[in-house]
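Let's take a quick tour of this protein chain, with a look at its helices and its aromatic rings. Keep the picture open while you read.

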Amino acid sequence: MIFLCRRITALNRLLFTAAKWLVYAIVLMMLWEVLSRYLLNSPTSWAPELATLTFGPYFLLGGPYLLHLGGHVAVDVISEKATGGFAVALKFVGLALAAVTGAILLWFSLPLVWQSFSYGETSYSAFNPVIWPAKAFLPLAALLLLLQALADVGLTVSSRKEGA
């Protein structure tokens, strides 16, 4: 069980590490757009839209590992002062809410991605890319968030047993 929890966390760390490099691709696309527009007087039809479509995976793939790190924005007035069993209970409540959020996002986003794939949905712009691959990152990230919440519960329970 602990092995699986650690593998889920390792997978999310790997995806977080890979996703943070996407910001450089976004910057390069926007730099090319600015140079094309103002120096070459020939704006692109693809750079702004592709940068927008790339931004989704950039922030979605970071979420599950940030849950593990405790890196999300939080109102921690109570949890900061909590100790012992109360602190653990608050952590479990937060993880339960994250798991429920992941499950709901997964449940509602999968049909939307399937519909987008089935129809061959495009953005209807001048560039007009197929957009289901970008949409597919939402259910993937939701699944990873759900799994990371469950893994963190397992790791917390395990560390409490070892400490007891």
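How many aromatic pairs does the count come to? In this predicted model, the count comes to 6 aromatic pairs.

**Ring pairs**
- Take Phe-16 and Tyr-65: their ring centres sit 5.5 Å apart with the planes at 45 degrees, so this pair is tilted.
- Phe-16 belongs to helix H1 (residues 2-19) and Tyr-65 to helix H4 (residues 63-69), so the pair ties together parts 49 residues apart in sequence.
- Phe-16 has 22% relative accessibility and counts as partly exposed, while Tyr-65, at 11%, counts as buried.
- Another tilted pair is Phe-55 and Phe-59, with ring centres 5.7 Å apart and planes at 35 degrees.
- Phe-55 and Phe-59 are 4 residues apart in helix H3, so about one helical turn separates them.
- Both are partly exposed: Phe-55 has a relative accessible area of 41%, and Phe-59 is at 49%.
- Together with Tyr-58, Phe-55 and Phe-59 form one aromatic cluster.

- Ile-26, Met-29, Glu-33 and Ser-36 are buried in H2.
- They cover an arc of only 100 degrees around the axis, so they're on the same side of H2.
- Helix H3 (47-60) is included in what covers the buried residues of H2.

**Transmembrane regions**
- An unreviewed UniProt entry places "transmembrane region" features at residues 21-40, 46-67, 88-110 and 130-151.
- Residues 88-110 are 100% helix, and their end C-alpha atoms are 32 Å apart.
- Residues 130-151 are 86% helix, with end C-alpha atoms 34 Å apart.

Notes: Residues are numbered from 1 along each chain as its sequence is written. This is a predicted model: local features need pLDDT of at least 70, side-chain atom pairs count only at pLDDT 80 or more; totals for chains, interfaces and linings use all residues. Side-chain values use heavy atoms; hydrogens and water are left out. UniProt positions are given in the numbering used here, feature names are shortened, and annotations may be inferred rather than shown by experiment. Helices (H or I, at least four residues) and strands (E, at least two) are DSSP runs, numbered from the N terminus. Buried means under 20% relative accessible area, exposed over 50%, partly exposed in between (1.4 Å probe, protein chains only). The arc is that of the directions from the helix axis to the C-beta atoms. Contact means heavy atoms within 4.5 Å. Rings of Phe, Tyr and Trp (its six-membered ring) pair if their centres lie within 6.5 Å; planes under 30 degrees apart count as stacked, over 60 as edge-to-face and the rest as tilted.
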